[in-house]
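Thank you all for coming. I would like to walk through one structure with you, slowly, and I will begin with a question once it is on the screen.

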Amino acid sequence: MKFIISSQTLLKKTQVLLSIVNNSNTLPILDNFLFQINKSTLKITSSDLETTMSTVMEIESESSGEIAIPARLLVDALKNFVEQPLTFSTQGNNILEINANDGKYRISFVTAEDFPKPIEIRDSSTTSLNGVILAKAINSTIFATGNDDLRPVMSGVFFQFNGNNLTMVGTDAHKLVRYKRHDIKSDSNSEFIMPKKALQVLKTILSDFQSEVSIEFNDTNAKFTSENYTLSCRLIEGKYPNYEAVIPKENPNKLIIERMSLLNSVKRVGIFSNKSTNQIKFKIAGAELNISAEDYDYNNNAKERVNCNYNGDDIEIGFNSRFLIDMLNNLDCKDVCLSMSFPNKAGIITPNDKIDDKEEITMLIMPVMLNTD
């Protein structure tokens with residue numbers, strides 16, 4: 001088996017695939033990339049059994065065959081090549097030889113027969129959406145997901161297809177994000193929970209991908225197919241919480257403020273908050289927002305005053321500064337609206353200036369009990 005390929009092209013592709021490979025695997029074969037060659041086409045696959053990803057590229061070759069190559073060793077080697085053609089050829093005793101402009105390198109490979117077979121998705125539903133839109137939807141929700149092994153359904157993003165609508169939700173019980181698109185068609189009303197790892201890999205390859213991404217799924221697995229990559233994964237089993245029930249419907253107190261102004265103030269004041277609670281206080285009266293934090297353990301405190309547009313009753317409410325920063329960082333609007341009812345009820349953050357009428361983003365943040373002086 002012999003083929004020639006650009007070093008930088010191969011590096012770019014394998015770096016993405018390496019994100020699937022775990023640092024420690026129970027099966028040694030999972031430490032490898034699967035290389036499958038069919039004349040001028042090379043298909044590379046990585047897997048951790050739960051998630052499998054593959055990419056296809058053009059090469060110079062007249063060969064066919066498949067081998068499994070140590071993933072991290074290959075990527076580490078490719079990082080140190082300047083752009084040049086590399087010639088790969090298999091030798092006896094399971095040796096893969098790499099010939100570069102100024103050197104020759106040898107890697108031991110293993111046979112491909114033990115590499116996991118691709119998942120077949122039977123009785124599936126299908127839909128498609130633009131890669132940039134999908135990347136934004138993932139970015140808008142994935143940061144709100146949890147890491148609690150006792151509540152695995154909250155460690156993924158909930159996909160819900162209904163008519164022409166797609167709703168994606170992420171929550172960890174302290175914060176929640178609901179992202180809606182009103183222009184996505186599916187051939188059935190359905191829902192599933194995508195694991196975080198698969199979505200993190202997806203968003204890295206889709207942010208500049210303008211073409212359509214095909215989504216195929218059933219009750220146990222999902223597959224995302226773009227022009228250059230295919231990613232399939234096992235879905236998270238379980239029933240997702242009734243997220244609509246926790247979103248307050250009546251929020252008469254509305255604060256409208258420039259997003260970056262609020263973000264920077266929260267960042268500065270939050271530095272002085274207690275490191276275990278990250279608590280900051282919003283005191284809103286008239287057209288003025290006072291943000292404060294105090295760490296009683298070290299006698300640190302900070303206060304800032306920010307002009308705003310406020311309509312509602314005077315209110316004092318506490319929030320986790322780290323959660324607020326995450327939310328404001330994951331919006332791209334100029335102004336945000338913070339809607340509230342009472343100090344013990346969740347606050348709702350939404351973009352105040354919509355860029356896309358077919359998009360709807362709602363962010364919920366639970367309040368923190370304020371310290372009493």
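Is strand E25, residues 335–340, largely enclosed by the rest of the structure or largely open? Before I answer, please note that this is a predicted model, in which local features need pLDDT of at least 70 and side-chain atom pairs count only at pLDDT 80 or more, while totals for chains, interfaces and linings use all residues. Residues are numbered from 1 along each chain as its sequence is written, and side-chain values use heavy atoms, with hydrogens and water left out.

As for the answer, six of the six residues of E25 are buried, so the strand is largely enclosed by the rest of the structure. Buried here means under 20% relative accessible area, with exposed being over 50% and partly exposed in between, using a 1.4 Å probe and protein chains only; strands are DSSP runs of E with at least two residues, helices are runs of H or I with at least four, and both are numbered from the N terminus. On one side of E25 we find Asp 335, Cys 337 and Ser 339, and on the other Val 336, Leu 338 and Met 340, all of them buried.

What lies beside this strand? Strand E19, residues 253–258, runs antiparallel to E25 and is joined to it by six bridges, with Ile 257 standing opposite Val 336. Strand E26, residues 347–351, is also antiparallel to E25, here through four bridges, and Leu 338 stands opposite Ile 349. A hairpin of six residues leads from E25 to E26.

Let me turn to another sheet, an open one in which four strands follow the order E22-E21-E20-E24 with antiparallel pairing, where two strands pair if DSSP finds at least two bridges between them. Its edge strands, each pairing on one side only, are E22 (300–307) and E24 (315–320). E20, residues 279–285, is joined to E24 by six bridges, and Gln 279 stands opposite Asn 320.
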